[in-house]
Amino acid sequence: MATKSKTSRTPVRYRENGLAAYVADRSPDLYITFLSILVGIVLADLLQLARNDLTLWPLDAQAVMGWGQIFGMVSSALGTWAVYAHLAIARRQIPRFIESLAAFVGPLLLLFSNSFVGSADPTAWFLMAGVFLTVSVIASTVSVLTTAGAVEGHAFRRMLQPGGFLLILVLSAPCAFVAAAAIHGERVGSWGAAALAWATVPAAILLPVLYFRDWQRAIREGPRESSPRPKPIHAVGSITEGWVRDKVADVFITLISITIGLALQEMVDQARDRMTLWPLDSASLMTWGQIIGVVSSGLSAWLIYGHLAISRRGLPSYAETLSGAVAPLFLAIASGLTGRAEVWPWLYAAAAYLALQIIVTRFFIQLASDAVEKALLVRVNHPTGYTLVMLIGAPVYALIGLGDQFEVLPEGFVLCAVLASGPAGMLCAWLFLRDWRQALGVNAAAS
């Protein structure tokens, strides 16, 4: 008796009109958007908690532990986003409930864990860390297996081999429970608890580094062999390296948009809660100048990172994910320096931000996957273009900050420097787009 093919369960009208393929091609965008929003909510809640409820200065044992917990949570959130978002673009299939649950449970646990950051007794935070890691072992295994099952014979299953990213989760989960038990039993002092909190940071960074190593290998290897078994009913189309490369820019743009929005929301919250913006005197003008500078820097960062992302088709690394998230998060943290009586901390932050932008934009050149992409990025990042604003602005703001700290500069001069930050950010964005459009025209004509 002839057996029915599994593909016969798909309605004929869907196979003929391509609706199943249409849905499969767009399901990664659906998951990435929602996952990015969840991670953005986690980071926004953490920033609000740090601003309102935590004492992070002076650096005693409690403050050091709070900083360790904050950096651990941020690293975990970015690592969670990186793992599940890049698994999503490798699944060209009709989504199922188990995949949705596996991707969403991690950010939700992180959101609940924020409630225990900075508490006097960190036992609950380490317990939540253990629960998060345990659930992540299950969720990531399910996600990898469903991705591997979507394309028969594909190399994704190799990502679960010993020595990969899953090993970090398997080893870290029991360590978190042991740390919670030791703190609860008062076998570890306050400084020991702070050291344990900081130990979560390198583990949270190493995990996505190992994950991207195995993920890139799986994408490049592709199917190991043709399989005689029919393709699963939920799998539609083929996964190729070119198809994944076309999706990578969408993933990065979603992240940068969420994090820039987070930075701007933090700026608005800070202004609403504690800043005096009227009537217009020298102090309120200084505050307005700082706010406009932060907002223009956020818009400039989105324009630069977003357009650089769509200019390349290379397989991403975790360093690229960090490069897109660090600058907006730096802006969000720097918002806390806006509207203060002392202006020099904000000026130092502006100088550090511009220096960071120089490093990140240069780093994008190294990510170019072929000669055409590299030629475009080199042309855009020439030293007389938008990077000139950063190269001049970084040392200038550092020197002005130094002069303001030691009160050797007149207040009017410092006010003019702060008010110039907004136009400088817009000039930087305009110069970038001008050179980027010209570079694309030159490459198009050459090809």
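R51, E266 and D273 are linked in a network of salt bridges, and that trio is a friendly place to start looking around this predicted model. The protein has 15 helices and zero strands. Of its 447 residues, 51% count as buried.

**Charged pairs**

- Seven salt bridges turn up in a search of the whole structure.
- Within the network of R51, E266 and D273, the side chains of E266 and R51 meet at 2.6 Å, N to O.
- This pair links distant parts of the chain, with E266 in helix α8 and R51 in helix α2, 215 residues apart.
- E266 is buried, with a relative accessible area of 6%, whereas R51 counts as partly exposed at 22%.
- K247 and D29 form another salt bridge, and their closest N and O atoms are 3.4 Å apart.
- Because K247 lies in helix α8 (residues 241-274) and D29 in helix α2 (residues 19-52), this pair ties together parts that are 218 residues apart in sequence.
- K247 counts as buried at 12% relative accessibility, while D29 counts as partly exposed at 28%.
- R217 pairs with D214 in a salt bridge whose closest N and O atoms are 4.0 Å apart.
- R217 and D214 are three residues apart in helix α7 (residues 190-221), so about one helical turn separates them.
- At 38% relative accessibility R217 counts as partly exposed, but D214 counts as buried at 4%.

**Aromatic rings**

- The structure holds twelve aromatic pairs.
- One of them joins Y211 and F212: the ring centres are 5.5 Å apart and the planes stand at 70°, so the pair is edge-to-face.
- Y211 is buried, with a relative accessible area of 0%, and F212 counts as buried too, at 2%.
- Y386 and F432 form an edge-to-face pair as well, with 5.2 Å centre to centre and 85° between the planes.
- Since Y386 sits in helix α13 (residues 386-405) and F432 in helix α15 (residues 421-446), the pair ties together parts that are 46 residues apart in sequence.
- Both Y386 and F432 are buried.
- Y211 and F212 also belong to one aromatic cluster, together with F165, W215 and Y318.

**Cysteines**

- How many disulfides does a search of the whole structure find? The search finds zero.
- For reference, a disulfide is a covalent bond between the sulfur atoms of two cysteines.
- Is C175 buried or exposed? C175 is exposed, with a relative accessible area of 52%.
- C428, on the other hand, counts as buried at 5% relative accessibility.

**A buried glycine in a loop**

- G314 is found in the loop between α9 and α10 (318-334).
- At 3% relative accessibility, G314 counts as buried.
- G314 and V244 are 70 residues apart in sequence, yet their C-alpha atoms are 9.4 Å apart in space.

**Surface and overall contacts**

- The accessible surface of the protein comes to about 20,600 Å², and 68% of this belongs to carbon and sulfur atoms.
- W278, L280, L285, W288 and I292 make a nonpolar surface patch of about 540 Å².
- Among the contacts in the protein with a separation of 6 or more, 84% are between residues 24 or more positions apart.

Methods. Residues numbered from 1 in each chain as written. Predicted model: local features only at pLDDT ≥ 70, side-chain atom pairs only at ≥ 80, totals over all residues. Heavy atoms only, no water. Phe/Tyr/Trp six-rings, centres within 6.5 Å; stacked < 30°, edge-to-face > 60°. Buried < 20%, exposed > 50% of the residue type's maximum accessible area, 1.4 Å probe, protein only. Helix = DSSP H or I, 4+ residues; strand = E, 2+ residues; numbered from the N terminus. Disulfide = S-S within 2.5 Å. Patch = residues over 30% accessible without salt bridge, like charges linked within 9 Å, V, L, I, M, F, W, Y side chains within 5 Å. Areas by Shrake-Rupley, 256 points an atom, 1.4 Å probe, with all protein chains shown as cover. Contact = heavy atoms within 4.5 Å.
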